[in-house]
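Good morning. Please have the sequence and the model open while I talk. I will go through the strands, then the charged pairs, the rings and a few backbone details.

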Amino acid sequence: MQSDWGDWLVRDVEEATPDGVAVWYLGCNGFVLKGSGGTTLFIDPYLGLGDPPRTVRMIPVPFDPDDVAEADAVLATHEHTDHVHGPSQAPILENTDATFYAPDDSLTVAREEENWTEEWDVSEDQLSEIAEGDTFDIGEFTIHVEEAHDPDATHPVSYVIEHDAGTFFHGGDTKPSDAFDRIGEEYDIDLGVLAFGTVGQIPDKETREPKRTRWYNDENQIVEAASSLQFDRLLPSHWDMWKGLTADPTVLHHHAASFDHPERLEVVEIGDRTDI
């Protein structure tokens, strides 16, 4: 992949020495987490351009995956191409010996549709299947695999990532779920990510005719989910990515104002860092 930004972002991650957990937003639904002990996790990094003119990338490609020299794991939330994408993710595994953690249908994409182990120097033991209810450790992080509700995906999951400094939630493209009340009670989530976007006219995959499309939470859905999950801070993602589905996350200040949770809205742009 050809980066629009050179390698400054991956060097920024490598050189960071956070006191707790540093979180960088990669645009779309991609994130990097780095703990105080140096453990580095990538979640849903996507550097592709989409499928123009159906899906058109509206933001820069922030790094070249071949430039990534430090990573302990790549986590995938579901099987869609902007969450499981060999050209974006396999080079990270190739260069770092990181493990790719993903649900079954996501691994089917990696193994059978994109042939990661043949197209890149990736071994089968770097591909690890996870499912709801699993818990595992990666360095200083403890990862809990939880339910997600994304009607457009075949097997979506969410991740609750615990660290001594705090807890991070990544919901993939989930909409509100009956499971979120339980998750909100079970964990103390300091910073949570939920996908946000508008409803737009996107060409149909088969006919290419414009079709009314809602892929992500609207203003009411995202606050409903964040409230159930009892986020301290809500970080909206995905609003920047696709032409026709972009949105303004600052409007969520008004929608969230009367709810106990989220306590605060954390609006970041591609390349920004926030901390837990």
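Where is the place of Asp97? Asp97 is in the loop between helix 2 (86-96) and strand 7 (99-102). Helices (H or I, at least four residues) and strands (E, at least two) are DSSP runs, numbered from the N terminus. Phi of Asp97 is near 65°, a positive value in a residue other than glycine. At 62% relative accessibility, Asp97 counts as exposed; buried means under 20% relative accessible area, exposed over 50%, and partly exposed in between, with a 1.4 Å probe and protein chains only.

Two sentences on the source. This is a predicted model, where local features need pLDDT of at least 70 and side-chain atom pairs count only at pLDDT 80 or more, while totals for chains, interfaces and linings use all residues. Residues are numbered from 1 along each chain as its sequence is written, and side-chain values use heavy atoms, with hydrogens and water left out.

Cys28 is another residue with positive phi, about 60°, although it is not a glycine. Cys28 sits in the loop between strand 1 and strand 2. Is Cys28 buried or exposed? Cys28 counts as buried because its relative accessibility is 0%.

Strand 1 (residues 21-25) and strand 2 (residues 31-35) pair in the antiparallel sense over five bridges; two strands pair if DSSP finds at least two bridges between them. In this pairing, Ala22 stands opposite Lys34 in strand 2. Both strands belong to an open sheet of seven strands in the order 8-7-6-3-2-1-18, with mixed pairing. Its edge strands are strand 8 (127-129) and strand 18, each pairing on one side only. On average, neighbouring strands of this sheet are turned by 20° against each other, direction ignored. Axes here are lines fitted to C-alpha atoms, for helices over the stretch in contact, and angles run from 0 to 180 degrees between N-to-C directions.

Seven strands form it in the order 9-10-11-12-13-16-17, and the pairing is mixed. At its edges are strand 9 (135-138) and strand 17 (264-265), each of which pairs on one side only. Helix 6 (residues 219-229) packs on this sheet and touches strand 12 (166-170), strand 13 (191-195) and strand 16, where contact means heavy atoms within 4.5 Å. The direction of helix 6 makes about 150° with that of strand 13. Strand 16 (residues 233-237) and strand 17 pair in the parallel sense over two bridges, and Leu234 stands opposite Leu265 in strand 17.

On to charges. How many salt bridges does the structure hold? The structure holds 12, a salt bridge being a side-chain nitrogen of Lys or Arg within 4 Å of a carboxyl oxygen of Asp or Glu. Glu146 and Arg182 form one of them, at 2.7 Å from N to O. That pair links distant parts of the chain, 36 residues apart: Glu146 is in strand 10 (residues 141-147) and Arg182 is in helix 5 (residues 180-186). Glu146 counts as buried at 8% relative accessibility, whereas Arg182 counts as partly exposed at 36%. Glu146, Glu147, Arg182 and Glu186 are linked in a network of salt bridges.

Arg233 forms a salt bridge with Glu266, with the closest N and O atoms 3.2 Å apart. Arg233 lies in strand 16, and Glu266 in the loop between strand 17 and strand 18 (273-275). Arg233 and Glu266 are buried.

Next, the rings. A search of the whole structure finds 10 aromatic pairs. Rings of Phe, Tyr and Trp (its six-membered ring) pair if their centres lie within 6.5 Å; planes under 30 degrees apart count as stacked, over 60 as edge-to-face and the rest as tilted. Phe169 and Phe180 form an edge-to-face pair, 6.1 Å centre to centre, with 85° between the planes. Phe169 is in strand 12 and Phe180 in helix 5. Phe169 is buried at 0% relative accessibility, and Phe180 is buried with a relative accessible area of 0%.

Last, the peptide bonds. The bond from Pro52 to Pro53 is cis, with omega near 5°. The bond from His261 to Pro262 is cis, with omega near 0°, and Pro262 is in the loop between helix 7 (252-256) and strand 17.
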